[in-house]
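I opened this model to look up its core, its ring pairs and its charge pairs. My entries follow in the order I made them.

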Amino acid sequence: MQQEADQAGSRRERRKQEMRSRICDAAIALFGERGVDHTTVEDICEHADVARKTFYNYYTSKQHLLHELSEALLYGETANLIDLAMERCPTTTERLAFFFSRVQANLDNYDELERALVLQSIQNIALDDGQAGRQFQ
C-alpha cells in the first residue's frame, strides 16, 4: 500500500515537473522570437498547449514566470562559473579574474531574452529585504 502511494506521489511530481517544463520551454521560445513585452500569457498557454488556468496553477503572472526563469539562468550559470573557476584557477585573484571575464563574455553574447532575464534578476536583488538588496538600492 505504501509503495503505491510513493509511486503515485512521484508520478504526480513528475507530471507537475513536465507541465512546468512545457510552460517554461514555450515561454523561452516565444520570448526569444517576440520579446518579453510582446508575449502574452495566452501566447505561452497556446504554445505549451495548456489551459490558462493550468498556467496560473504554476505561476501567478508572466512576471512570476520571468522571475523563475531569471533565477534559473543567473544562479545556475553563476554556480557553474564558480565551479569552473575553482577547478581551473589556483589563486583567488585568478579565480575572480576568470569569473568576471566569463561574465563579461556571456553578457556580450546574450540575446534579448537573456538580457531581460538579467534585468529581472537585478530587479529581484533590488527588491530583496536583505543586505544585498539594501546595498543595491
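**Core.** I started with the largest nonpolar core, which has 23 residues. I took a nonpolar core as a set of buried Ala, Val, Leu, Ile, Met, Phe, Trp, Tyr and Cys residues joined through side-chain atoms within 4.5 Å. For burial I used relative accessible area: buried is under 20%, exposed is over 50%, and partly exposed is in between, with a 1.4 Å probe and protein chains only. The residues with the most contacts inside this core are Ile-23, Phe-31, Ile-44, Phe-55, Tyr-59, Leu-65 and Leu-69. Two or more core residues come from each of α1 (2-34), α2 (41-48), α3 (52-58), α4 (62-88) and α6 (112-127). The largest share, seven residues, belongs to α1. Helices here are DSSP runs (H or I, at least four residues), as are strands (E, at least two), and both are numbered from the N terminus.

**Ground rules.** The model is predicted, so I noted the limits: local features need pLDDT of at least 70, side-chain atom pairs count only at pLDDT 80 or more, and totals for chains, interfaces and linings use all residues. Residues are numbered from 1 along each chain as its sequence is written, and side-chain values use heavy atoms, with hydrogens and water left out.

**Ile-44.** What does Ile-44 touch, not counting residues up to four places away in sequence? I found Ile-23, Ala-26, Ala-27, Leu-30, Phe-31, Thr-39, Phe-55 and Leu-65. Contact means heavy atoms within 4.5 Å.

**Thr-39.** Is Thr-39 buried or exposed? Its relative accessibility is 1%, so Thr-39 counts as buried. Leaving aside neighbours within four places in sequence, Thr-39 is in contact with Leu-30, Phe-31, Arg-34, Ile-44 and Lys-62. The Thr-39 side chain also reaches the backbone oxygen of Leu-30 at 3.4 Å. That is a polar contact: a pair of N or O atoms within 3.5 Å, where within protein one must be able to donate a hydrogen and the other to accept it, and residues adjacent in sequence count only if both atoms are side-chain atoms.

**Rings.** I counted three aromatic pairs. Rings of Phe, Tyr and Trp (its six-membered ring) pair if their centres lie within 6.5 Å; planes under 30 degrees apart are stacked, over 60 edge-to-face, and the rest tilted. Phe-55 and Tyr-59 make a tilted pair, 5.6 Å centre to centre with 45° between the planes. Both Phe-55 and Tyr-59 are buried. For Phe-99 and Phe-100 the centres are 5.1 Å apart and the planes at 85°, so this pair is edge-to-face. Phe-99 is buried at 16% relative accessible area, whereas Phe-100 is exposed at 54%. Ring pairs also link Phe-55, Tyr-56 and Tyr-59 into a cluster.

**Arg-20.** Where does the charged end of Arg-20 sit? I found it over the ring of Tyr-59, 5.1 Å from the ring centre. The rule asks for NZ of Lys or CZ of Arg within 6 Å of the ring centre and within 35 degrees of the ring normal. Arg-20 also forms a salt bridge with Glu-68, with the closest N and O atoms 3.3 Å apart. Arg-20 lies in helix α1 and Glu-68 in helix α4, so the pair ties together parts that are 48 residues apart in sequence. Arg-20 is partly exposed at 25%, and Glu-68 is partly exposed at 29%.

**Other salt bridges.** How many salt bridges are there? I count four, each a side-chain nitrogen of Lys or Arg within 4 Å of a carboxyl oxygen of Asp or Glu. Arg-34 pairs with Asp-43 at 2.9 Å between the closest N and O atoms. Arg-52 and Glu-42 meet at 2.0 Å, N to O. Arg-52 lies in helix α3 and Glu-42 in helix α2, so this bridge ties together parts 10 residues apart in sequence. Arg-52 is partly exposed at 39%, and Glu-42 is partly exposed at 41%.

**Asp-49.** My last stop was the loop between α2 and α3, where Asp-49 is placed. Its phi is near 60°, a positive value in a residue other than glycine. Asp-49 is exposed, at 63% relative accessible area.
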